[in-house]
Amino acid sequence: MPSPTADPAYASPVDLETYGHYGPGRLDTSSGWQRPLYAFQDRVTADGSSGYRAEPGRYHLYIAWVCPWAQRTAIVRALKGLRDVVSLSYVDDDRDGRGWAFRGRRGPDPVNGFTLLQQAYDATEPGFPGHLSVPVLWDRSTGRIVSNNFPDITIDLGTEFDEWADPGVRLYPPEHRAEIDEINQYVYDNVNNAPYKAAAATTQEEYDQWRERMSGALRRLDERLAGRRYLVGDSISEADVRLWPTLVRFDRLYNPMSGMSERSLPDFANLWAYARDLYQRPGFRDSTDFDTFDVGRPAFVNAGIDRLEVAPVHADWEQPHGRERLSES
């Protein structure tokens with residue numbers, strides 16, 4: 001751990017001329033978007049049977065404000081009351097070919113004093129050749145990454161730290177797990193991943209198919225939320241945590257990036273009210289920086305596709321949502 005008296009260690013500024021854009025050699029978009037493999041998939045368990053026991057002060061999350069997959073972990077950490085149990089820090093918003101880095105804008109690495117997140121990967125697997133993703137769950141005790149597999153991290157935070165967590169928050173209750181798993185798979189296939197698939201589409205037909213899949217999914221989710229406050233059960237669950245980061249980025253990032261829909265989020269009355277309902281709670285609001293969504297069109301968006309041109313929409317996330325009534329019905 002870095003000395004508290006040492007000057008913070010930071011990476012040099014983003015340098016695209018020297019290092020290029022992030023992706024080549026780490027991501028393969030030659031035949032459309034193929035989500036990379038997440039190499040580290042160990043689990044944290046309450047009893048330590050996995051080799052990683054849930055303990056206060058042992059684990060650290062490296063995340064990025066811009067990343068929806070990483071934002072999920074910050075939301076669960078806050079909802080479960082684990083801020084003093086699992087520490088968290090942010091990488092810089094921008095990256096070049098070196099991947100995520102620590103710079104003054106978001107602060108240094110408080111655990112290891114790394115300047116590049118690649119150092120955490122190399123400490124776990126020397127010369128690691130794969131995708132340098134966030135979130136990363138780091139284990140102080142062994143000095144290695146436990147997991148960079150985002151679906152597992154939120155489940156473990158939500159279920160294995162109950163000794164120190166808020167007992168009233170049940171994000172993955174056993175009685176609803178089958179339904180949560182089913183809707184999570186549907187949302188991943190048709191909402192979470194769809195903008196990336198459309199962005200990296202290599203044919204017009206492929207792009208059109210992904211557009212229709214996401215537009216249809218948004219319509220169906222809007223209908224589902226007409227008579228219920230949350231996706232599953234009568235309280236916030238893992239399903240809401242997985243859908244919401246895509247919704248909050250839809251109008252300012254995903255739709256302008258990929259050209260997914262003529263309709264903005266406010267055009268889906270129930271989804272829009274639902275999204276505001278969650279945003280207006282600590283955990284969702286506190287982990288959101290709207291300015292990080294205005295990143296333009298990334299390098300993996302393939303040219304040669306006749307895309308729907310969509311301007312960013314800056315909606316009012318503070319307006320009343322009126323969904324309290326659904327909890328009383």
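These legends describe close-up views of one predicted model. Residues are numbered from 1 along each chain as its sequence is written, and side-chain values use heavy atoms, with hydrogens and water left out. In this predicted model, local features need pLDDT of at least 70 and side-chain atom pairs count only at pLDDT 80 or more, while totals for chains, interfaces and linings use all residues.

**View 1. Strand 1 and its burial.** Helices (H or I, at least four residues) and strands (E, at least two) are DSSP runs, numbered from the N terminus. Five of the five residues of strand 1 are buried, so the strand is largely enclosed by the rest of the structure. Buried means under 20% relative accessible area, exposed over 50%, and partly exposed in between (1.4 Å probe, protein chains only). In a regular strand the side chains alternate between the two faces of the sheet. Here both faces are covered. Tyr59, Leu61 and Ile63 are buried on one side, His60 and Tyr62 on the other.

**View 2. His60 and the strand partners.** Strands pair if DSSP finds at least two bridges between them. Strand 1 is joined to strand 3 (residues 136-139) by four bridges, and the two run antiparallel. Trp138 is the bridge partner of His60 in strand 3. Four bridges also join strand 1 to strand 2, this time in parallel. There, His60 has Ser87 as its bridge partner. From strand 1 the chain crosses through helix 2 to strand 2, a right-handed β-α-β crossover. Right-handed means that, with the strands pointing away from the viewer, the path from the first strand over the helix to the second runs clockwise.

View 3. Helix 2 covers residues 68-79. Its end C-alpha atoms are 16 Å apart, which agrees with the 16 Å that its twelve residues should span at 1.5 Å a residue. The expected span is 1.5 Å times one less than the number of residues. Twelve of the twelve residues are buried, so helix 2 is largely enclosed by the rest of the structure. Among them are Trp69, Arg72 and Arg77. The buried residues pack against several elements, including strand 1 (59-63), strand 2 (87-90) and helix 8 (238-258). Just after helix 2, Gly81 takes a positive phi of about 75°.

**View 4. Ile75 within helix 2.** Ile75 lies in helix 2. Ile75 is buried, with a relative accessible area of 0%. Leaving aside neighbours within four places in sequence, Ile75 is in contact (heavy atoms within 4.5 Å) with Val241, Trp244, Pro245, Gly283, Phe284 and Ser287. Arg105 is 30 residues from Ile75 in sequence and 21 Å away in space, C-alpha to C-alpha.
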